[in-house]
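This report looks at how the chains of one assembly meet. Start with the view below, then read on.

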Number of protein chains: 4
Amino acid sequence: MADLQTRYRAEKKSFLDRLNSGEVVIGDGGYVFALEKRGYVKAGPWTPEACIEHPEAVRQLAREFGRNGADVMQAFTFYASDDKLANRGNKAQENYTGASINAAGCKIAREVAEEINGLMAGGVSQTPTYLSGAGKEKVQEIFEKQAKVFKENNVDFLIVEYFEHVEEACWAIEVLKKTGIPIAASLCIGPDGDLHGVSTGECAIRLANAGADVVGINCHFDPQICLDAVQLMKDALDEKGIKCHLMVQPLGFVTPDCNRQGFIDLPEFPFGLEPRIITRWEAHAFARRAYEMGVRYIGGCCGIEPYHTRAMAEELSKERGFLPVASEKHGLWGAGLKMHTKPWVRARARPEYWKNLKPASGRPYCSSLSKPDAWGVTAGTEELKQKKDETTQKELEALYSKADKN
Amino acid sequence: MADLQTRYRAEKKSFLDRLNSGEVVIGDGGYVFALEKRGYVKAGPWTPEACIEHPEAVRQLAREFGRNGADVMQAFTFYASDDKLANRGNKAQENYTGASINAAGCKIAREVAEEINGLMAGGVSQTPTYLSGAGKEKVQEIFEKQAKVFKENNVDFLIVEYFEHVEEACWAIEVLKKTGIPIAASLCIGPDGDLHGVSTGECAIRLANAGADVVGINCHFDPQICLDAVQLMKDALDEKGIKCHLMVQPLGFVTPDCNRQGFIDLPEFPFGLEPRIITRWEAHAFARRAYEMGVRYIGGCCGIEPYHTRAMAEELSKERGFLPVASEKHGLWGAGLKMHTKPWVRARARPEYWKNLKPASGRPYCSSLSKPDAWGVTAGTEELKQKKDETTQKELEALYSKADKN
Amino acid sequence: MADLQTRYRAEKKSFLDRLNSGEVVIGDGGYVFALEKRGYVKAGPWTPEACIEHPEAVRQLAREFGRNGADVMQAFTFYASDDKLANRGNKAQENYTGASINAAGCKIAREVAEEINGLMAGGVSQTPTYLSGAGKEKVQEIFEKQAKVFKENNVDFLIVEYFEHVEEACWAIEVLKKTGIPIAASLCIGPDGDLHGVSTGECAIRLANAGADVVGINCHFDPQICLDAVQLMKDALDEKGIKCHLMVQPLGFVTPDCNRQGFIDLPEFPFGLEPRIITRWEAHAFARRAYEMGVRYIGGCCGIEPYHTRAMAEELSKERGFLPVASEKHGLWGAGLKMHTKPWVRARARPEYWKNLKPASGRPYCSSLSKPDAWGVTAGTEELKQKKDETTQKELEALYSKADKN
Amino acid sequence: MADLQTRYRAEKKSFLDRLNSGEVVIGDGGYVFALEKRGYVKAGPWTPEACIEHPEAVRQLAREFGRNGADVMQAFTFYASDDKLANRGNKAQENYTGASINAAGCKIAREVAEEINGLMAGGVSQTPTYLSGAGKEKVQEIFEKQAKVFKENNVDFLIVEYFEHVEEACWAIEVLKKTGIPIAASLCIGPDGDLHGVSTGECAIRLANAGADVVGINCHFDPQICLDAVQLMKDALDEKGIKCHLMVQPLGFVTPDCNRQGFIDLPEFPFGLEPRIITRWEAHAFARRAYEMGVRYIGGCCGIEPYHTRAMAEELSKERGFLPVASEKHGLWGAGLKMHTKPWVRARARPEYWKNLKPASGRPYCSSLSKPDAWGVTAGTEELKQKKDETTQKELEALYSKADKN
């Protein structure tokens, strides 16, 4: 650490220039989950109206990611499409349009990106409209509305993320491509392919062919499974001779027991995932493996908190030439523990200790793995069709009863 | 929820008036651990210079606790004594005095307390000076310096917390008592008594006799073990006929495998505790049991995040007559999940689901319990004597070697 | 091992002479559970009519215990009282009297005891008559019938074992004492005392005062918990200055999660206990701790198989001066693995390997601990009254319903 | 159970006639592991000289398997080849020839087969000679010596089992085929193929083409993994249109964490496998799935004890038309518990209870899965070459050191 300064990125350089020159770009983490815990986002709809309601809270979280090593400030615009804001009784749309939320998110992200000499990105994700089986035209209308805001706000690049169906992601790329802004596209799938059965490798090819500059995986699976999936993408692209950068933004939860649909199906989702939260050392190991695989856009999704971002940036500090600012308040591999009052805690101030630790759960009445729910539904299935009205008590009871039988 | 407004506390009333009238006072959570993860506090020294360096980060966390139900804004002054700021190579003291940090902490806490119509408290905790075996006079000098700042800042009440030895806590109470401000005193011990072997019940009696208005337990153990310890305190006070309010501010980690010294001794401390983080439902159960035991000052310590505070306030919302503001973004017992896109997640929008969930760790190569370190040292033991100099590499290697033999 | 002959005990010496001279007497293991797995004993009634129906099977098991180090051949007479043979629809009593089974058991035990130069014992255990609340006279009549057979068969000593209530055990001792034969008495209780609330220490005093030559614990708890209970007995006897030998015959299952009533209450009892079976190395550790505590009659109960007995005898082979015969087919601490074909298995031919092994369960969907049933019944409670008739379907359904509600 | 008699098989019918008419043939269990625990077989060499040294012990175990439902009495001749009896310092060969052991094993098996109206089989398994890289001729010489004894003893069929390399198994079939006796051939591999990389499906084809009448899997993996492997065999045979009966004789241990080489590589092998022992209910589920897949020779290998065999026979009692004799001492699905003294145990006398039970390990300091050793050696590798001399201390220390580094 002696030879590495703790600082923000020294110079501003474009997204693609960085990737083309082999630099690592560190992404930020999971706004939705972090802000849910802080009291600004509602689990269920998961929509980002906090950008308007509590900009100071969103800005503080963004600063924390920046301070802890992120190069990218992604506007907090997840699920900010008008159909989602109005879905199943969500009141957000009564007060705000998707466009106004997207604009507010861009403003915050740009402000913090300036502070850290970082990049600012806008993003789109899958839509209730697609899940309900509406066609391409209706779905692309939604993306067009979002693209317009991002273009006006002069984002450095665009993120197409959290798609379970590569088809919809390609529709999104097609729309966003018209802006002329670079596109990073990631699906929320694992090694078993998308929810229509397209293989993970084939998905990468389709994304690249649709015009994505960077392809990869985000959300739904743990760091190691996401990297397994990215490896399949890389292999498929290499085989076809397609040149494309790679990205990965995994969950901050361990999920070895997931099925194809990822952590949504685990019984612990979303309010009992604590025992699965990854440690900072697991974030270190993730960043190293991603780097060695050739992935250069390395970040996080749901469950990734600022200290996980810091761990990634610390792991890759030699490659990057600097440590994140917040490492002043950490010390590599627990070095700060040298100042602890208890001698046996000072004895933990070294990498070997943390690399070998197998953390206990403290939960002897709980198992280590769960059987995921497996309702076998996908886009177009009746149960997956979305609607504006609140779910009725009768509908809920039918669901409870079905769940209890599983 | 229909009959309960989400709002801040409607009227300002003094700390003791509230407790005397049987009201629940909800404490805030763990600043040190939360700010460590956000990148503002260094694990090892754990000192609170962030009050000066990054007031916006401390203020945001305080607001989150308030928004999620806390009535108390405790100034972030943990370990803000000059001897701790200078201990074992900590650089904080080169830049700031304890007094300046304490004053900055008070300013932030007062600001947010005003916003939420809450109470503001200042706090003192155990000192390296005591651990190193210095006598009563030297230790009390430290508390006097801190008391002076709290008095000047007009705190609503004083907290004497995180003491492993009741003797030192009583010395602190003796000093603070002179301010005439009400005192809440809690030890970081479990049912096995303090580190000098004084029983937990006897500790309560000594704290009350020394002048504490509220006595109880904070930190070092999980919610259930802390309540077991408070029960012992209550029984001892009842037996002696001593009238005293009760408080509890436990860890946000499950620690069934601790020994007398608590979570510090667990191999996972402090950087591998993730699988032990309590769920919001465990926070619900804790608040209920605490209330039923007659505890009225109910809060949290290390590991308690804003959503845990919200869970406590939601659990006790009927008794308090209102929900925390952030419940607008939650919904009791997962009710917000009614708006989820996936039907099996909507099927989780009910208390029975979450009350019965036994969350899996996702970690099949890890055990559920750990053997704690047990070096058997306490105040005065050579290995526990503190010093201003950095720990040398040679000293560290001796510790590593001792640790590896255990 | 080079210096220790593998052989049976060289000379015949009386039970009390052995104990008085400080020799270790190794008991045999659990006939009921072993023969249930082999297909000769029915779980539920657990009665020993196999002594008459399949003497070759009983004899073979006895020989295995002898060959693996046991000094004691305990006649397989557990629950061989007429009231138990007729309880709840058990058909055994239609064909055999308790007396005929006891006699057949003695014959087998004597035969094998001769082969190994060992001791032969007869035993009595708690009765349905007592559990149903009948008085002392009726209960003692049962023990008298059993004592008569043991006296006729010239047993070397008598075992009073598997009593949940010290009162009934003392009634048994009172009866057996009249034979003039030495008595070893053990309760199936843990550190929390008997099921009427008599403390474990007090139980020991009562047993000794009633005339037992050896007192201790058998069944219901794992080796470590049984030893914790024996320690309480030892402390109580020492305090009163009562001289008495100590015995322990624990389960071959780990049961850290039991309540006062032991493994009967665990949800896994009796057909899902496999993951709790102790390893031979845990039997080693048990024998060592028992020896160091001063216990000299060391054996096993339910779940203890011949290889566990061998492990105890191997652990204490230096103290005893010889190894059990079956060690020719073992080798201390896995030494036989030197002959394995796979090199990494040969690398396990050493004590350090096995002492440090923490065996995995291979069951990631199962927890490590269970919540025991806790119906809170004891002798005299309506639900515990026994009867000759089969349990009716209606009675069973009431039980199923009660169980499902717990 | 009312409509099913408990009895031995009523009529004697040939092995192939039974299979050809679709009858289930139930195999016996694991002699080597069961007799190791009883004190007659040495772990490491694992050779069956007990047939000569202690025929009564082998006979008793055979009777137990028969009594509990096995139709097959397999002579206890595992590893009874002269090269194995002399391997790495094994003394067995000084006293007995392979031929004499095989003959003694046949005699016992025939005796018990007569008692139960069952089938008697002889078996060969893989040889140190093959592992050491000797050629086909030398390996086949060994099988010829064994075949001669089996032919003389008029076995009902021959078993070629426990081969890690399909090549050696085919060499064995080639030799045994000359006897004109039906052959059942099973490899100790899983779904990942044999140790030379031949796929599991291809292995089945080669075995059938070499002349096996029945093909399948035995040992090395748990029941579910073995069935996964048999499914691959079935699919491959079906695709090629090869008609062949299927067999499966799995471990009695759960091994989800194995690699290609099976349970030998698990750190718990062979003296810490207890927590992995399958319950009788897991044996039920195994027998059902095997039957439904079309497997008709269903038995067990290492770790399968008589009560597991009983569970298989009870599960398939309707299909077979009778219950095993030992079911008189069991009762389907725990029905015997109706006679238990404790009411909450009587509440367990039903299938739903046991089908839903997830048995706890009682071991909170142990993990649920292990990382297997993975030395990556196979036939011909230097470290796998076998020799007659004892492993020297120096060789052992080199192994210990290599193991500790892994």
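How many residues of chain C are in contact with chain A? Eight residues of chain C touch eight residues of chain A.

## Model and confidence

This is a predicted model. It scores ipTM 0.96 and pTM 0.94. Chain A has a mean pLDDT of 94. In chain A, 99% of the residues reach 70 or more.

## Chain C against chain A

Chain C and chain A bury about 740 Å² between them. Carbon and sulfur atoms give 63% of that area. Three residues, Pro364(C), Tyr365(C) and Leu369(C), supply 65% of the area that chain C buries against chain A.

On the side of chain C that touches chain A, four residues are nonpolar, three are polar and one is charged.

## Symmetry of chains A and C

How are these two copies related? A rotation of 180°, with 0.0 Å of shift along its axis, superposes chain C on chain A. The RMSD is 0.0 Å. That is the relation of a two-fold axis. Both copies use the same surface: 100% of the contact residues of chain C recur in chain A.

Which residue of chain C comes closest to the rotation axis? Ser367(C) does, with its C-alpha at 2.0 Å.

## Chain B against chain A

Now turn to the other interface. Here 101 residues of chain B are in contact with 101 residues of chain A. The two chains bury about 9,200 Å² between them. Carbon and sulfur atoms account for 56% of this area.

What about charged and polar pairs? The rule finds 18 salt bridges across the interface of chain B and chain A. One of them joins Glu64(A) to Arg38(B), with the closest N and O atoms 3.9 Å apart. Polar contact links 62 residue pairs across this interface, both residues being at pLDDT 80 or more.

## Elements on the chain B side

Several helices of chain B give two or more residues to the side that touches chain A, among them α2 (31-38), α4 (55-67), α13 (280-293) and α18 (393-405). The largest share, six residues, comes from α4(B). By class, this side of chain B has 46 nonpolar, 23 polar and 32 charged residues.

Technical notes. Residues are numbered from 1 along each chain as its sequence is written. Chains are lettered from A and ligands numbered from 1 in the order in which they are written. This is a predicted model: local features need pLDDT of at least 70, side-chain atom pairs count only at pLDDT 80 or more; totals for chains, interfaces and linings use all residues. Side-chain values use heavy atoms; hydrogens and water are left out. Contact means heavy atoms within 4.5 Å. Buried area is the accessible area (1.4 Å probe) that two parts lose on being put together, summed over both. A salt bridge is a side-chain nitrogen of Lys or Arg within 4 Å of a carboxyl oxygen of Asp or Glu. A polar contact is a pair of N or O atoms within 3.5 Å; within protein, one must be able to donate a hydrogen and the other to accept it, and residues adjacent in sequence count only if both atoms are side-chain atoms. Helices (H or I, at least four residues) and strands (E, at least two) are DSSP runs, numbered from the N terminus. Ala, Val, Leu, Ile, Met, Phe, Trp, Tyr, Cys and Pro count as nonpolar, Asp, Glu, Lys and Arg as charged, and the others, Gly among them, as polar. pLDDT is the predictor's confidence in each residue, from 0 to 100. Copies are superposed by least squares on the C-alpha atoms of residues with pLDDT of at least 70 in both.
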